[in-house]
Every structure is written in C-alpha cells, then in structure tokens.
Amino acid sequence: MKNRPPLPQHLSRHRYHALLVRLQIELVKLQRSVIERGQRILVIVEGRDAAGKDGTIKSIVEHLSPRDTRIVALGPPSNRERCSWYFQRHVSHLPAAGEIVLFNRSWYNRAGVERVMNFCTKKETEEFLETVPGFEAMIERSGITLLKYYLDISKQEQKRRLADRQRDPLKQWKLSPIDAKAQKLWKAYSEARDKMLERTHTVTSPWTVVRAGDKEHARLNIIRDVLWRLHYPGKHRRLHRPDPAVVFPYDKACYERALIEA
C-alpha cells in the first residue's frame, strides 16, 4: 500500500556488526545499572514461526552476564501443569532483583499456537484474554518492568525462511510439526494474532510491533527500543531512536497502513 513506509535499505554485514556492537555496549551499561539498582526487567518476544525470535534474543544477550540474564523457552506443559493455574508455570521464571529475563514465547502461546492448533478450547482462550491484562498489571505493580514485542513477517518471507531451515543442517533443531503447518494455517494465525493484540494491548502493558522482514534491522531497532525505554547512567548521547518504520506501538491504524501483514 502507498501509505506503508518502506523498510530501511539492507545493511552490509560489516555495517550491521559495527552498529550491533555499539548497541551491545549500551546493553552492558544497562545491565550494570539493573544489577546495582536491583531492577527486574522482563522482555517478551512473540511472533510468527520463523519471524526471528531466536536471533533477536541472541543478539540481546550475547555479551550480557549469564548469571544475571535468563532466557525462558518453555516446552509443552506436563500433566500436572495442565491441571494447574495457567500462569503458574511461568511465575517461577519471573526476574528477581538485578535480573533481565527474556521469554522466547510466553503465556501468549494460549492466544496463538495453542488456539490455532486446538491444544486448548475456545473457552480457555477467552478466559486467558480476559485475565492476562490483570495478571500483567500485578507483575508491573510488583516492580517488574515488562516489555512486549511482536515480530511480524509476510507469508512469502516465512515460506522462504522455513525452506531455508529445511536445507540448512545447522538449523534442523528449529524444525517442528507446528512449523510444517504454519503456511497452511496462515489466516488462522493472523486472526489469532489480531485478537490477541487488540485484547491484550493496555496502557500499562502495551504491545510493540516489529516489521521483521529484514532480520538485521529488526534486531538493531528492538535493542534501540529497549535502551530508549529504560533509564541507565552513561547512555550514549548519540544513541539513535528506533526507526518508526520498523518498530512502533500497536494501534488499529497499523492495519490501514499495512504495517501488520494480513
């Protein structure tokens, strides 16, 4: 659509790594402040299959302290967890003082994969959508800073990336039966995403959407967004703000401008 701003020009490998290192230095400064002040930071990274969640998280944590940084990527729930409060198994992974925790997918599985793949009922999904804003409000009232990112890509780009996984022997661990159905269920996932964003985007816990068709620009701009949202001593005075053509707050007008893929 003519109203959709174009993505920035693709970066050379050298330019990308130079920019990434500068931002990772800022992340180290941020973590030092988080540890000293006893802050608790929680970053949720959601998105379609092959949207670049793993690579984004890796670029954030690459040079952070492994003692004070945790990546949470939960597998299918156990029988006991299926009989527990839905949020229960996530609570133990929330950050303690001085920690940065990143969820590679999160409780939002219930509004996406679980709903589309019929791993839960419509009633369970509806209950989740009604209760998650209150759950996140409790998290933030406890002193945890919560940042939520949704990585969005086109159907064509997803197809290309999934095919690349099939060919690359180093990416075989990323393949799953769910990935195999991602293209066939594209419309169902779009509908689930739209409902999730609309119902769980709140003033205190907003969604930030990322146009992740270019992985490098997506990673750089997510890191910039994190750095600009959080306060820490020594922030570089020339730190660029995130590009609004890549990272932007969720709003229904995003659909009119085709910023979110149909």
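Reader: Let's start with Arg-161: is this residue buried or exposed?

Author: The general idea is a cut-off on relative accessible area: buried means under 20%, exposed over 50%, and partly exposed in between (1.4 Å probe, protein chains only). Arg-161 has a relative accessible area of 4%, so this residue is buried. Keep in mind that this is a predicted model, where local features need pLDDT of at least 70, side-chain atom pairs count only at pLDDT 80 or more, and totals for chains, interfaces and linings use all residues. Residues are numbered from 1 along each chain as its sequence is written, and side-chain values use heavy atoms, with hydrogens and water left out.

Reader: What is Arg-161 in contact with, leaving aside its neighbours within four places in sequence?

Author: Contact means heavy atoms within 4.5 Å. On that basis the partners of Arg-161 include Ala-50, Ala-51, Gly-52, Ile-153 and Asp-214. There's a polar contact too (a pair of N or O atoms within 3.5 Å; within protein, one must be able to donate a hydrogen and the other to accept it, and residues adjacent in sequence count only if both atoms are side-chain atoms). Here a polar atom of the Arg-161 side chain lies 2.7 Å from the backbone oxygen of Ala-212.

Reader: Which helix does Arg-161 lie in?

Author: Helices (H or I, at least four residues) and strands (E, at least two) are DSSP runs, numbered from the N terminus. Arg-161 belongs to helix H7, which covers residues 155-167.

Reader: Which residues of H7 are buried, and which are exposed on the other side?

Author: First, the general idea: an α-helix has 3.6 residues a turn, so residues three or four places apart point the same way. In H7, the buried ones are Glu-157, Gln-158, Arg-161, Leu-162 and Arg-165. They cover an arc of only 130° around the axis, which puts them on the same side of H7; the arc is that of the directions from the helix axis to the C-beta atoms. Gln-156, Lys-159, Gln-166 and Arg-167 are exposed on the other side. Helices H8 (177-180), H9 (186-200) and H10 (215-229) are among what covers the buried residues.

Reader: And Arg-160, how does that one read?

Author: Arg-160 is also found in H7, but this residue is partly exposed, with a relative accessible area of 46%. Its C-alpha atom is separated by 9.3 Å from that of Ala-50, 110 residues apart along the chain.

Reader: Now the strands: which ones pair with E5?

Author: Two strands pair if DSSP finds at least two bridges between them. E4 (residues 144-152) and E5 run parallel, joined by 5 bridges, with Val-210 as the bridge partner of Leu-151. E6 (residues 247-249) pairs with E5 in the antiparallel sense over 3 bridges, and there Thr-208 stands opposite Pro-249.

Reader: How many residues of E5 are buried?

Author: In E5 (residues 207-211), 5 of its 5 residues are buried. Trp-207, Val-209 and Arg-211 are on one side, with Thr-208 and Val-210 on the other.

Reader: What about the largest nonpolar core, how many residues does it have?

Author: A nonpolar core is a set of buried Ala, Val, Leu, Ile, Met, Phe, Trp, Tyr and Cys residues joined through side-chain atoms within 4.5 Å. The largest has 35 residues, and Leu-151 and Val-210 are among those with the most contacts inside it. Helix H1 (13-37) supplies the largest share, 7 residues.

Terms used
Expected span 1.5 Å × (residues − 1).
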